[in-house]
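Subject: A structure for you to explore

Hi there,

Here is the structure I promised to pass on to you. Please open it beside this email and follow along.

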Amino acid sequence: MTHGMRADSYTPRPGGDGGLRDTAARYALLPLRIFLGVTFVYAGLDKLTDSAFLKDSGAGSIGDMMRAVRDSSAIPALVDMALESPVAFGYAIAFGELAVGIGTLLGLLTRIAALGGALISLSLWLTVSWAAEPYYYGNDLPYLMAWTPLILAGAPLLSVDAALRARRRRGTF
């Protein structure tokens, strides 16, 4: 048995020949970027337009939700901090999701937007969905993991970041 390079593996080459594999590799993060961007814009708008959510108490309110998860969260102190002003916390989460979603869709400061999305997902995982058992029933952990490729790679194509980078290379910025 010999060991060596696998002939069936594929790594896109920088400045590749433009074949289908190279094109697919270049655009691989675009569906993830669109999904996360649309989802976070929707989540932010949904919170901002839900009259019940942005209240201190009552059915569907951020305050009641935070009180309900306080004792089952991984970091009760984080929930306590949010409970000091639940309405302000609700607005912060909603506007944060909106900013992250717009930044991700536009590809504007993509790595920073993705880091923001990961931090929102992490905080929600450690508080709201921590008690989900088994752990993979909670949806915030997969979102946290989905942000990782965008933190690492940014938005190399079809983005404001790419346009600005190209402009700097041409010296017109």
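Below is what was found in it, going from the whole chain to its details.

A word on the source: this is a predicted model, in which local features need pLDDT of at least 70 and side-chain atom pairs count only at pLDDT 80 or more, while totals for chains, interfaces and linings use all residues. Residues are numbered from 1 along each chain as its sequence is written, and side-chain values use heavy atoms, with hydrogens and water left out.

**The whole chain**

The chain has eight helices and zero strands. Helices (H or I, at least four residues) and strands (E, at least two) are DSSP runs, numbered from the N terminus. Of the 173 residues in the chain, 32% are buried; buried means under 20% relative accessible area, exposed over 50%, and partly exposed in between (1.4 Å probe, protein chains only). Among contacts (heavy atoms within 4.5 Å) between residues at least 6 apart in sequence, 64% join residues at least 24 apart.

**Two packed helices**

Two packed helices are described by the angle between their axes and the distance between the axes. Helix α5 (residues 86-106) packs against helix α6 (residues 110-127) at an angle of about 145 degrees, and their axes are 8 Å apart. Here axes are lines fitted to C-alpha atoms, for helices over the stretch in contact, and angles run from 0 to 180 degrees between N-to-C directions. On the α5 side, the contact is made by G96, E97, V100, G103 and T104; across from them in α6 are T110, A113, G116, G117, I120 and L124. These residues divide into four nonpolar, six polar and one charged. For that count, Ala, Val, Leu, Ile, Met, Phe, Trp, Tyr, Cys and Pro are nonpolar, Asp, Glu, Lys and Arg are charged, and the others, Gly among them, are polar.

**A pocket and a cavity**

On a 1 Å grid over the protein atoms alone, a cavity is a set of points where a 1.4 Å probe fits but cannot get out, and a pocket is an open set with protein on both sides within 12 Å along at least five of seven lines; lining residues have an atom within 4 Å of a point. Grid points are joined across faces, edges and corners, and a volume is the space filled by probe spheres set on the points.

The largest pocket has a volume of about 350 Å³. Of its 22 lining residues, K47, E97, L124, N139 and D140 are the closest to its centre. Helix α2 gives the largest share of the lining, six residues.

The largest cavity holds about 70 Å³ of space. Its lining includes R26, Y27, L150 and G154.

**Backbone details**

L109, in the loop between α5 and α6, has a positive phi of about 50 degrees although it is not a glycine. L158, in the loop between α7 and α8, also has a positive phi, near 50 degrees. Finally, the peptide bond from E133 to P134 is cis, with omega near -5 degrees, and P134 lies in the loop between α6 and α7.

Enjoy exploring!
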